[in-house]
Amino acid sequence: MVHQTPKLSKLIYRKRNNCLKVAQSRLYPYACFICDKLGHNGLDLCNACLQNLHSNQHSCLTCDIELASTNVTCARCLKTTPYFDKIISLYRYERHSAVLIQSLKFQAKHSAAKMMGTFMAAEFKFLETKPDALIAAPLHAKRLRARV
Ligand SMILES: [Zn+2]
Ligand SMILES: [Zn+2]
């Protein structure tokens with residue numbers, strides 16, 4: 001019986017995963033969700049479309065809705081204190097980001113969730129305070145049946 005150290009197991013696991021990723025990318029090349037061109041950096045998104053995902057320039061400090069000026073709280077959050085502390089959105093909901101979200105919601109393209117999760121994880125590295133929880137908006141079974 002051969003015992004592997006945890007470090008060696010991790011190394012073997014990573015090497016095997018890298019080989020699988022290379023094989024997968026050759027057999028099934030990553031294709032951009034938005035324009036169908038070849039994906040970039042192991043994502044189903046090309047570099048041009050990635051560059052077209054834009055964050056809010058100025059947004060409410062609480063709900064992250066886009067505003068004309070920075071470091072302010074929107075009128076709705078001032079009028080009624082929200083039940084959450086803060087919302088952080090990665091991208092403005094516009095053409096390219098809408099395609100990603102709609103690919104997941106309406107076409108059940110679950111790799112869009114992986115990609116968005118990857119983007120969120122990269123963004124969270126820069127947060128001073130980590131979120132207590134990430135909550136996916138639940139989907140009613142009736143709506144899911146209608147969408148799939
Ligand atoms: Zn593209
Ligand atoms: Zn607000």
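1. Helix H4 first. His96, Ser97, Leu100 and Ser103 are buried in H4. Buried here means 20 or more other C-beta atoms within 10 Å of the residue's own; exposed means 12 or fewer, and partly exposed lies in between, with C-beta atoms placed from the backbone. The buried residues of H4 pack against helix H2 (47-51) and helix H5 (111-124). Helices are DSSP runs of H or I with at least four residues, and strands are E runs of at least two, numbered from the N terminus.

2. Basis of the note. This is a predicted model: local features need pLDDT of at least 70, side-chain atom pairs count only at pLDDT 80 or more, and totals for chains, interfaces and linings use all residues. Residues are numbered from 1 along each chain as its sequence is written, while chains are lettered from A and ligands numbered from 1 in the order in which they are written.

3. Confidence. The chain averages a pLDDT of 83, and 91% of the residues score at least 70. The term pLDDT is the predictor's confidence in each residue, from 0 to 100.

4. Shape of H4. The helix spans residues 95-107 and has a kink of about 25°, centred on isoleucine 101. The bend at a residue is the angle between axes fitted to the seven residues ending there and the seven starting there. Alanine 108 follows H4 and has a positive phi, near 55°.

5. Core. Leu100 of H4 is buried and belongs to the largest nonpolar core, which has 9 residues. Cysteine 49 touches Cys32, Ile34, Cys35 and His96, leaving aside residues up to four places away in sequence. Contact means backbone-placed C-beta atoms within 7 Å.

6. Most residues other than glycine have a negative phi. Aspartate 36 has a positive phi of about 70°. Aspartate 64 also has a positive phi of about 70°. Aspartate 36 is in the loop between helix H1 (6-27) and H2; aspartate 64 is in the loop between H2 and H3. Aspartate 36 counts as exposed because it has 10 C-beta neighbours inside 10 Å. Aspartate 64 has 17 other C-beta atoms within 10 Å, so it is partly exposed.

7. Arginine 76. This residue is in helix H3. Arginine 76 is exposed, with 12 other C-beta atoms within 10 Å. Its C-alpha atom is separated by 9.1 Å from that of cysteine 63, 13 residues apart along the chain.

Methods: A nonpolar core is a set of buried Ala, Val, Leu, Ile, Met, Phe, Trp, Tyr and Cys residues joined through C-beta atoms within 7 Å. Two residues are in contact if their C-beta atoms, placed from the backbone, lie within 7 Å.
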